[in-house]
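Opening the notebook on a new model today.

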Amino acid sequence: MAEENKMPTEENATMLQAFEWYVPDDHTHWKRLARDVEKYRAIGITAMWIPPPCKASSPSGNGYDIYDLWDLGEFDQKGSVPTKWGNKDDLVTLANKAEKAGVLLYADAVLNHKAAADETERCRVAEVDPENRTRFISDEYEINGWLGFTFSGRGDKYSSMKWHWEHFSGTDYNAENKKTAIYKILGDFKSWAQSVDNEKGNFDYLMFADIDHSHPEVKKDINDWGIWIAELLSLRGFRFDAVKHFSEEYLKEFLTQLKRNVNEDFFFVGEFWKDSLSDMLGYLDRLDDHKFSLFDAPLVYNFSEASKTESFDLRAIFDGTLVQARPISAVTLVMNHDTQPHQALEARIEGFFKPIAYVLILLRQQGYPCVFWGDLEGISGEYKEQPSCGGQLSDIILARKLYAYGEQDDYFDYPTCLGWVRRGVWDRPNGCAVVVSNAGPGEKRMFVGEEHIGEIWTDVLGWEQGEVHIGEDGNADFKCPATSIAIWVNKDAPGRDQFGKFIPGKGFCKE
């Protein structure tokens, strides 16, 4: 086929988790992202996962302690008008700027629970065993639960629904005697959701006031909200929090409503955080009709183990991962807000390993990579950290945008040193050669193609000095420093002048 008749190769997709847990609660994060969205797009970010935009239990709440779905920082509720991230007008401005820049927006949807009720309500309950939620450990009795949500600051704007005890399946606090427990709310036709993860017998209950998604009023209100926010912000996808804790059957209904009423091509990814590939595959099979994706939790655990194990066998780095088993459904990542210090998940990755982990998700064919904002821009607050990868994560993202195309030839023939080559495509022909080592200096002899004979390649990061001359047979010897990486590209390839321009926290430097 003549080149003029070929379809152009789409730019590689790269998601940015556009927040970290300790972002200052100064209510200006939407403005911060709106200011920088064009700069993120320039290095290769094609989509941003934004934090939960709805009103939380306090002005500093990150949104996982969700109070009101319909308040995007518009009403004086729970101590402020704006959310931690900003007000509604700033959020709409961000959405408009992202659309103009060509960056898709995915919103974080917290649909499992509600927090910070306005009133207590009497309801019948029985306590359940925290380690087996199907086993009752008390008789039936009444409690005063924080289960009444009246939304007095918003009134009936957007939604007139008020939430009461019958809209929930469980709670964790009895205001009458100040006792904390897991209380199963009782009533006609009430039970834990059955299409949830079977950890702890039934993992429907996670925290706060647990939503009963079988209630018709609940389903209608959340379905209406999904359509409303998607249209308001021109969303192109959702990240769903805690999907193993709420009804799969309801989630299917929510997805169907969105695709039918807003956009057939929505992207959906769920947080099913469990180091069990079989459970993840089973979940995906049950949602197969909806082209659903999951974050690759087993991959993060592998990265964590590799970073803490001397001379870890890197050839096993993808064993038991979603990206290996079902790459089309895998969102790959190195870190997220839950793996930050003093957060819920024990999957910490040592700093020296992050460049290795990032090239393994960004410069390979498989998976949809998600970059963590805290790694790109640094982490604030008490647990402050500098940007990862020596401040050059942006250059690894840029290498994906410019050069990580075409066939992938792997050189996984040594335990502590891996290499691979991306051969390029007709309209993005330069390709790249990658070498990583988690021990001493690494070296691989690799074939990059006879079309590159005579070219001189250098490391785009500048971490491995020197030049590589591509031989008459299309082979060359490529090196990397100890416990590090190198990304080799033709020194005359288009785009080489774009590297080293992004300054974390400030976007691009001026020439």
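Predicted model: local features only at pLDDT ≥ 70, side-chain atom pairs only at ≥ 80, totals over all residues.

**Overall build**

I began with burial: 59% of the 511 residues in the chain are buried.

Next I counted secondary structure and got ten helices and 27 strands. I then looked up the radius of gyration, which is 25 Å, close to the 24 Å from the globule rule for 511 residues, so the chain is as compact as a globular protein of that length. For the extents, I noted that the C-alpha trace spans about 80 × 50 × 45 Å along its principal axes.

I also checked how far apart in sequence the contacts reach. Taking contacts between residues at least 6 apart in sequence, 70% join residues at least 24 apart. The accessible surface of the chain is about 20200 Å², and carbon and sulfur atoms account for 47% of that.

**The largest pocket**

Rolling a probe the size of a water molecule over the atoms shows where empty space is left. How much space lies in the largest pocket? I get about 560 Å³. There are 22 residues lining this pocket, and F267, K291, S293, I328 and Y368 are the closest to its centre. Two elements, β5 (104–109) and β15 (292–295), are the ones that give two or more residues to the lining. I sorted the lining by class as well: eleven nonpolar, seven charged and four polar residues.

Most residues other than glycine have a negative phi, and that is my reason for flagging the next pair.

K200 has a phi near 55 degrees, positive although the residue is not glycine. I found K200 in the loop between β11 (179–185) and β12 (209–211). With a relative accessible area of 24%, K200 counts as partly exposed, since the cut-off for buried is under 20%.

S311 also has a positive phi, near 55 degrees, and is likewise a residue other than glycine. Where does S311 sit? In the loop between α6 (297–308) and α7 (322–325). Its relative accessible area is 42%, so S311 is partly exposed.

**One histidine in a loop**

Last stop was H452, in the loop between β21 (442–447) and β22 (456–459). Is H452 buried or exposed? Buried, I find, because its relative accessible area is 4%. I then listed the contacts of H452, skipping neighbours within four places in sequence, and came up with P429, N430, W457 and I470.

Terms used
Residues numbered from 1 in each chain as written. Heavy atoms only, no water. 1 Å grid on protein atoms, 1.4 Å probe; cavity = no way out; pocket = protein on both sides within 12 Å on 5 of 7 lines; lining within 4 Å. Points joined across faces, edges and corners; volume = space filled by probe spheres on them. Helix = DSSP H or I, 4+ residues; strand = E, 2+ residues; numbered from the N terminus. Nonpolar A, V, L, I, M, F, W, Y, C, P; charged D, E, K, R; others polar. Rg over C-alpha atoms; globule rule 2.2 N^0.38 Å. Buried < 20%, exposed > 50% of the residue type's maximum accessible area, 1.4 Å probe, protein only. Contact = heavy atoms within 4.5 Å. Areas by Shrake-Rupley, 256 points an atom, 1.4 Å probe, with all protein chains shown as cover.
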